Amino acid sequence: MTKIITKNPEETLQLGIKLGAKLIEGDLVLLFGDLGAGKTCLTQGICLGAGLDNKTYIRSPTFTLINEYQGKTPIFHIDLYRLETENEINNLGLEEIIYSKAITIIEWSEKLQSDKKPEEFKFGIHERLEIHISNENETTREFTFSPFHLTPRTPPLFPLL
Ligand SMILES: Nc1ncnc2c1ncn2[C@@H]1O[C@H](COP(=O)(O)OP(=O)(O)OP(=O)(O)O)[C@@H](O)[C@H]1O
Ligand SMILES: [Mg+2]
């Protein structure tokens, strides 16, 4: 578990860029945190770090639910905020994306968590990088990184900075 604090959106963007540069095909990033925590801001950095050119505008997929980009691998940016029922989540085609060779980033991953066992996720998700974000105050955010069974890589994911 690694904790990193950012003091403004630019620092969060830079953190995302560092992370994105170290992601490899098949990686799944699960984001947790309240409205305005900085999930989309971090994702914008991740996409840039993962090779998306900075002319591509990375918008929140709150309404589109799934955005796909082409970086060093395909990148899927998913936002589950608006999904309410089990059926809606099950019918999104998430399983195919998660287990593809893309990099997948999911906002509101709380919605994939089992109510009774928070360490268990839908679709048998096992290999993942969990990032829990907490709002310390207006502009300070704490990012807690917890990797589970990720594919080893060189250089290793951690230390991130
Ligand atoms: N350290 C920080 N890191 C990131 N964002 C910050 C920080 N400090 C302040 N902010 C502000 O917090 C907001 C974060 O917005 P963002 O859309 O990334 O959140 P989100 O977690 O995706 O929210 P949502 O649940 O609505 O999708 C922005 O308005 C940004 O300016
Ligand atoms: Mg968002």
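Trainee: What percentage of the 161 residues of the protein count as buried?

Mentor: The model is a predicted one. A residue is buried if 20 or more other C-beta atoms lie within 10 Å of its own. Of the 161 residues of the protein, the share that counts as buried is 32%.

Trainee: What radius of gyration does the protein have, and why does it agree with a compact globule?

Mentor: The C-alpha trace spans about 40 × 35 × 30 Å along its principal axes. For 161 residues a compact globule would have a radius of gyration near 15 Å, so the protein agrees with its value of 15 Å.

Trainee: In which pattern do the helices and strands follow along the sequence?

Mentor: The secondary structure comprises four helices and seven strands. Read along the sequence, these give the pattern β-α-β-α-β-β-α-α-β-β-β.

Trainee: Which residues come nearest to ligand 1?

Mentor: The shell around ligand 1 divides into five nonpolar, nine polar and five charged residues. Helices α1 (9-22) and α2 (39-49) each supply at least two residues of this shell. Of the 19 residues around ligand 1, the nearest are T12, G38, K39, T40 and C41.

Definitions and conventions: Residues are numbered from 1 along each chain as its sequence is written. Chains are lettered from A and ligands numbered from 1 in the order in which they are written. This is a predicted model: local features need pLDDT of at least 70, side-chain atom pairs count only at pLDDT 80 or more; totals for chains, interfaces and linings use all residues. A residue is near a molecule or strand if its C-beta atom, placed from the backbone, lies within 6 Å of it. Ala, Val, Leu, Ile, Met, Phe, Trp, Tyr, Cys and Pro count as nonpolar, Asp, Glu, Lys and Arg as charged, and the others, Gly among them, as polar. The radius of gyration is taken over C-alpha atoms; the globule rule is 2.2 Å times the number of residues to the power 0.38. A residue is buried if 20 or more other C-beta atoms lie within 10 Å of its own, exposed if 12 or fewer, and partly exposed in between; C-beta atoms are placed from the backbone.
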